[in-house]
2 protein chains.
Amino acid sequence: MNPDSPCVTAGIAQSRDRRNLQSPDQSPDTVIQARVCDASRPCEHARMNFCSNCGQRVALATPPGDHLPRFVCASCGAIHYENPKIIAGCVPEYEGRILLCRRGIEPRLGFWTFPAGFMENGETVQQAAARESREESLAEVEIGSLLAVVHVLSARQVHMFFRARLPLASFGPTPESLEVGLFSEAEIPWGEIAFPSIEFALRRYFQDRAAGREDHHFTSVERRPPGIPLQPGKTHV
Amino acid sequence: MNPDSPCVTAGIAQSRDRRNLQSPDQSPDTVIQARVCDASRPCEHARMNFCSNCGQRVALATPPGDHLPRFVCASCGAIHYENPKIIAGCVPEYEGRILLCRRGIEPRLGFWTFPAGFMENGETVQQAAARESREESLAEVEIGSLLAVVHVLSARQVHMFFRARLPLASFGPTPESLEVGLFSEAEIPWGEIAFPSIEFALRRYFQDRAAGREDHHFTSVERRPPGIPLQPGKTHV
């Protein structure tokens, strides 16, 4: 699966990461049936062929009273809505240094990120961020203030990142992370950051820390190769 | 559909609102196949019988490397993840008064809320909040600062509410709202507020306004009948 392709049309993807950041299709191990979507805009209708209620074929149609096309089942009447998903993460700090993980899974294998991943049902955003830290780095963090909310429109995701405290320098590699380490601001591998939302949040983190404040920042980013400067949309403090 | 039942197990629901707040099932017009979930905790597995990729039966199973049960298709290997959805809304203010809508649709028909609804793919949270204002009240708002993030765990929702400015006193009823009006703080119908997340955000709004600040507030709430005092979990400013 090419995570830079907004429209997931066809392919066999093999990945150890079933919950990939910025991968709009969440079952990368499956064969996806071909479907052609409008390539000029983010595909909002990837991968629904059959009704999950009754098993019959679905078709795109705008339900009465609605304003957007949905996958609708003519057999049982079910309407299948698709909505953005939340990625929760945090920037853990220990004695002035930041915990980063080198990704052991696709996409962006080998690139650096702070712990983040898909929020699950039944947990708060903060609990999700703490869980992801545990899963990706074995670190037990204390979640702090809201740092950034980043819309990744083409991936149909909202990234919500928090400041965090790492009480103990206790962490290590996991099945999801090749390496885990602490970095001073000068040591951050800016050219090897996995995702633009991560870079945005890290830069705002250090800016705020230098200014002695804990603001939160909204922006929108698109997928891009690393190293290209961010062009955030609206930043709201 | 009883929105107070966390586990949607069976039933034929008829509602004009296909995008109901705090209704975990988003296709209320459909016949839902019976399935019994653990009633002691929020149901995270409502309504998936067939694989939306290949149309075969799915079953709950924990995939290798995962830590939670998912709906898995033994036929094509697809894993169907379910994640929280975002409700976006805003508190529009015009010359010190707040715009509220009396719901014209279930659930909570006849109760009051500020404009809010499901965020769609391809829009920011702020754009979603502005769109909902337009759809529910015909009001064109200017979205301001983040007011509240409310986890409604049993509904598998994260409510994100903003302050907003209503430049013109231009609004009116819609298919979703029986009445739309401006209320001073003293006029707010506290006993007739539709949802606890709305009440939480409104109370914080007025508290912050009185104090001359624009903080944001995190909390968790559960479904409840109106009139019962809120017992928010953690409030983070």
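Residues are numbered from 1 along each chain as its sequence is written, and chains are lettered from A and ligands numbered from 1 in the order in which they are written.

Let's stay with the interface. Chain B brings 61 residues to the contact and chain A brings 61 residues (contact means heavy atoms within 4.5 Å). The rule finds two salt bridges across it, a salt bridge being a side-chain nitrogen of Lys or Arg within 4 Å of a carboxyl oxygen of Asp or Glu. B:Glu120 forms a salt bridge with A:Arg70, with the closest N and O atoms 2.6 Å apart. Several elements of chain B give two or more residues to the side that touches chain A, including helix H1 (125–137) and strand E11 (157–165). The biggest giver is E10(B), with six residues. (Helices, H or I of at least four residues, and strands, E of at least two, are DSSP runs numbered from the N terminus.)

How do the two copies relate? Chain B can be laid on chain A by a turn of 180° and a shift of 0.0 Å along the axis, with an RMSD of 0.0 Å; copies are superposed by least squares on the C-alpha atoms of residues with pLDDT of at least 70 in both. That is the relation of a two-fold axis. Both copies use the same surface, as 100% of the contact residues of chain B recur in chain A.

Most residues other than glycine have a negative phi, and most peptide bonds are trans. The bond from A:Glu106 to A:Pro107 is cis, with omega near -5°, and A:Pro107 sits in the loop between strand E7 (97–103) and strand E8 (112–113) of chain A. B:Glu95, in the loop between E6 and E7 of chain B, has a positive phi of about 45° although it is not a glycine.

Finally, confidence. Chain A has a mean pLDDT (the predictor's confidence in each residue, from 0 to 100) of 81, and 74% of its residues reach 70 or more. Over residues 1–20 of chain A the pLDDT is below 50. Where pLDDT is low, the predicted coordinates should not be read in detail.

Notes:
Predicted model: local features only at pLDDT ≥ 70, side-chain atom pairs only at ≥ 80, totals over all residues. Heavy atoms only, no water.
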